[in-house]
Amino acid sequence: GFRIGATYLYFGDLEIGGGEELNNSNYDGRFIDAKMRFVVNRNVQVSLLYQHVRLDDIPRHHSTVDAVTFQGTTPGNNLRRNFDQDRDLLAATIHLYNGSFFEDGWVKFGYQSQSELQDRIRSSGRRDKTGFDLDTYFVTTQFTSRTGIGELTYGLDVYLDEVDSFADRTNPDGTTQSFAQGPIGDNSRYFSLGLFIQDRIELGSWGELILGARFQHVDVESGTVLDPITGTVSSIEDDFQSAVGTARLLIRATENLNFFLSAGSAFRAPNLSDLTRLTSARSNEIEVPSPGLESEYYVGFEVGARYQSRPFQAEVALFHTILIDAIDRRPTGQVIDNEFVVIKDNVGDGFIQGGELQATWRFAEDFALSGQLTYLDGEADTFPTSQDNIEREPVSRLMPLTTRFALDWTPRDTGFRARAEVELVGGQDDLTTRDRGDTQRIPPNGTPGYTIYNLFLGYDFDPKRSVFLSLLNISDKEYRIHGSGSQEPGFGVRAGFDLRV
């Protein structure tokens, strides 16, 4: 069998809450998605996948003169700052069933090509064109075997990235320049090998235990890395290894109530952007290459409960994550082209903790009330200034307290459905020093909270034909998601139909 889909999208200039339009915020995109599947025999199936994406002139709106201020934010000074992004993915997956040593598994081979071009015209009239071409080759596998010590899931993943980058400049007087690298190091290679195994052990009728482990090896090379301060060009070679693990226990307390607790560790090696980035970061910042970084680690703990019955369902989870050597930017005190220079450093020891709660109550045959709540808190070490003084500050761009409530009405045997939804988001004024300096995205006193009302209606004529109507941001509220560079859409209407043959 096969399936092919093609999409063309055009987004006009965004109209924010209150009716104001963001000039030069439009862009378009073209997409193709194709899948084929062959049944070779009862033990082997083969799947082929192709994806094609083209996005043109996506604006980084907040850094341009067209940006609309919000609660004291400042617009950028670029006359233009647009991105083109292309991606093509080709993958083949061999699905295997009832093997000699496993019940099922798969092997996937793939190739992906990505490219990005930034076209930036500064206030002086200088035009910078920067970008990269990235080719990724990968092989991933996963198998499942039922053994005397539990259900084993195991496999490996191998990725190889090869990158070329460029940066060209046209000065106001018409002269041109080319530089040794673009937004990341030129002539770069990033190799990653991962091995993993997980064992799912049934503990009788009262629970199960999941144990997992992963080994990761990363090798990175960048042939051309530019130091914009000295103008020298160098290369980078480094490698990173780590082994991490996890344990998760599920307790079936009653037929309707389960408890779960888990502990685990995680590892992230520095990527090419961490090590070799040379491009603008936050408001009025430019990030330069940062060789010599170490890996960052995390240790996480989670506990929760899940209750499920016909009229009522609920789940609560609490977590605490320890940050170890997390990679964060730090100011250097230097300036390039009126932008403050920042580098990366393994400074971010700290924690993130929070909780999530969701519940659904079907209080009548045709009505259900549901809600969700998310709370996050966290602190991490950072260099707030170019001095060698580490301070503990809130985690950057921390998600504010967020709640959602919805009332669903689905009268039986009518085909009609309706949902009224309200989203309440608290203000966020727990800011880092660099959050307060990110004046294009975050208001001086923090991002204010907001309340959004939505209404969704639908009607099913039969299983193959349906129509829907959505009323979004009904109060036409002007608001901005914390850390975003522009306001969200104002009042909107979305209507459509679904026809299946």
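**Pockets and strands, step by step**

Analyst: The largest pocket has a volume of about 760 Å³. Its lining has 25 residues, and Phe11, Gly12, Leu14, Glu488 and Pro489 are the closest to its centre. This is a predicted model.

User: What makes Phe11 a lining residue of the largest pocket?

Analyst: A lining residue needs an atom within 4 Å of a pocket point. Phe11 is among the 25 residues listed, so Phe11 has such an atom.

User: Which strand gives the most to that lining?

Analyst: Strand β26 does, with three residues. Both β1 (2–11) and β26 (492–499) supply at least two.

User: How do the residues of that lining divide?

Analyst: Into ten nonpolar, ten polar and five charged. Gly12 is in the lining, and Gly counts as polar.

User: What about the second largest pocket?

Analyst: Its volume is about 570 Å³. Arg282, Ile327, Asp328, Arg329 and Ser396 are the closest to its centre, out of 25 lining residues. That lining has nine nonpolar, four polar and twelve charged residues. Arg282 is in the lining, and Arg counts as charged.

User: Why are β23 and β24 called a pair?

Analyst: Pairing takes at least two bridges. Strands β23 (residues 416–425) and β24 (residues 450–462) have ten, in the antiparallel sense, so they pair. Phe416 stands opposite Tyr459 of β24.

User: How do you know that β24 and β25 pair?

Analyst: Seven bridges join them, again antiparallel. The cut-off is at least two, so they qualify. In β25, Ser470 is the bridge partner of Phe456. The two strands form a hairpin, with two residues between them.

Note on methods:
Residues numbered from 1 in each chain as written. Predicted model: local features only at pLDDT ≥ 70, side-chain atom pairs only at ≥ 80, totals over all residues. Heavy atoms only, no water. Helix = DSSP H or I, 4+ residues; strand = E, 2+ residues; numbered from the N terminus. 1 Å grid on protein atoms, 1.4 Å probe; cavity = no way out; pocket = protein on both sides within 12 Å on 5 of 7 lines; lining within 4 Å. Points joined across faces, edges and corners; volume = space filled by probe spheres on them.
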